[in-house]
Amino acid sequence: MSAIEPWQLPAAALSPLWWAWQALSQAHPGPWARDAMAAALAVPVALLIDRLWGEPPVWMHPVVAMGRLLGAAGLRIAPRQDRSRDWPRFGLGALAWCLLALLFASLYALIQWLLPPMPWWLGALVLGVLLKPLLSWRMLREEVLAVEAALQQSLPEGRERLTWLVSRDTAQLDAGQVRESAIETLAENLSDSVLAPLFWFAVAGLPGAALYRLANTADAMWGYPGWRGKGDDRRHWQWAGKWAARADDLLNWMPARLTALLLALSGMAVGRSVGWRGLRQDARVTLSPNGGWPMGAMARLLGVRLGKPGVYVLNPRGRVPQPAELQQAVVHAGRVVALLAVCGLAVAGVMAGAT
């Protein structure tokens with residue numbers, strides 16, 4: 001197979017789905033198929049790097065850089081007072097979000113454009129290395145399991161460890177509620193931190209994955225209404241963060257539902273059914289238009305109830321989760337990650353047949 005020309009690899013990475021379609025629709029699809037094959041193989045490469053080595057150092061992590069820029073901008077956008085219908089702050093938040101999204105998407109597009117010519121297999125490796133920091137499965141898995149390990153020591157230790165994963169007050173949670181929160185975080189972040197970046201990579205390549213990661217990080221930092229921060233950094237985000245929250249809702253709409261579907265497929269492998277009618281009901285009770293899909297699917301898959309005290313309950317007839325259910329949740333999530341890797345390999349195989 002010939003090497004990818006310098007202008008072809010960046011173009012292939014910009015929209016892998018488009019290049020795969022072009023490869024399959026052409027009578028002689030050789031270069032198109034190799035481009036799509038490199039992009040498809042980047043997915044299992046990125047997941048393998050994540051499994052073997054986890055997160056890159058803080059100093060070179062793009063998501064850390066996103067967080068620092070969002071934090072610095074937030075101090076200048078959100079007000080120190082609680083204001084009703086603060087449209088100017090809404091506009092500032094939207095403008096800052098768009099500028100930062102443009103910055104990171106353009107940066108990744110420039111990196112792709114600067115890549116030298118290389119064989120397709122090396123292109124897959126390079127794309128996988130660049131894609132990996134924009135997704136995270138190993139760290140999520142380890143943190144969820146750490147909550148259960150802490151619970152085995154004592155309830156206070158479990159509550160404390162849970163604060164690494166959630167922003168809610170954990171001081172009054174019992175052991176079952178601590179596990180509920182950990183399983184919810186696992187399910188929701190399976191979508192947010194793994195499937196969604198890969199979905200947007202498939203749609204728009206590395207710039208798409210980077211833009212999504214910026215949006216998700218902005219939602220975590222700006223998207224929760226009310227007061228955030230302490231002392232001089234305390235700001236009110238009721239209006240300044242609305243754009244960030246709605247943008248994240250839009251970008252997560254399809255990935256959240258795909259995550260629920262893949263969890264359902266994982267359940268079918270062991271003879272368990274999610275029940276789509278009940279799942280649709282669960283999805284409507286959460287404040288987020290998306291979070292209820294992966295969380296509800298996981299709840300029904302395990303046969304447990306999940307919820308946030310005083311806010312919502314998913315699968316209300318389910319039992320209180322025990323240590324075994326938390327372990328099973330990790331297994332099902334891992335199976336979804338494996339399915340994503342297999343999908344990448346399958347697409348690469350189809351493209352190999354087209355060359």
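So, how many helices and strands are there in the protein? There are 13 helices and 4 strands, where a helix is a DSSP run of H or I with at least four residues, a strand is an E run of at least two, and both are numbered from the N terminus.

Quick housekeeping. This is a predicted model, so to speak of a local feature we need pLDDT of at least 70, and side-chain atom pairs count only at pLDDT 80 or more, while totals for chains, interfaces and linings use all residues. Residues are numbered from 1 along each chain as its sequence is written, and side-chain values use heavy atoms, with hydrogens and water left out.

Okay, the inside. Of the 355 residues, 52% count as buried; buried means under 20% relative accessible area, exposed means over 50%, and partly exposed is in between, using a 1.4 Å probe and protein chains only.

Now the largest nonpolar core, which has 78 residues. By nonpolar core I mean a set of buried Ala, Val, Leu, Ile, Met, Phe, Trp, Tyr and Cys residues joined through side-chain atoms within 4.5 Å. The residues with the most contacts inside this core are L47, W97, L186 and M298. Helix 9, residues 175-222, gives the most to it, with 20 residues. Apart from that core lies another one, of 8 residues, including A36 and A348.

Let's look at W97. Leaving aside neighbours within four places in sequence, W97 is in contact with L211, L214, A215, A218, W222, W243, A244 and A247; contact here means heavy atoms within 4.5 Å.

Next up, helix 11, residues 276-285. Which of its residues are buried? They're G278, L279, D282 and A283. Those four sit on the same side of helix 11 because they cover an arc of only 140 degrees around the axis, going by the directions from the helix axis to the C-beta atoms. They pack against helix 10, helix 12 and strand 4. On the face turned away from that buried side, you'll find the exposed residues R277 and R284.

Last stop: T286, in the loop between helix 11 and helix 12. Is T286 buried or exposed? It counts as buried, because its relative accessibility is 9%. The T286 side chain reaches the backbone oxygen of S288 at 2.8 Å and the backbone nitrogen of G292 at 3.5 Å. Beyond neighbours within four places in sequence, T286 is in contact with G292, M295, Y312 and L314.

Definitions and conventions:
A polar contact is a pair of N or O atoms within 3.5 Å; within protein, one must be able to donate a hydrogen and the other to accept it, and residues adjacent in sequence count only if both atoms are side-chain atoms.
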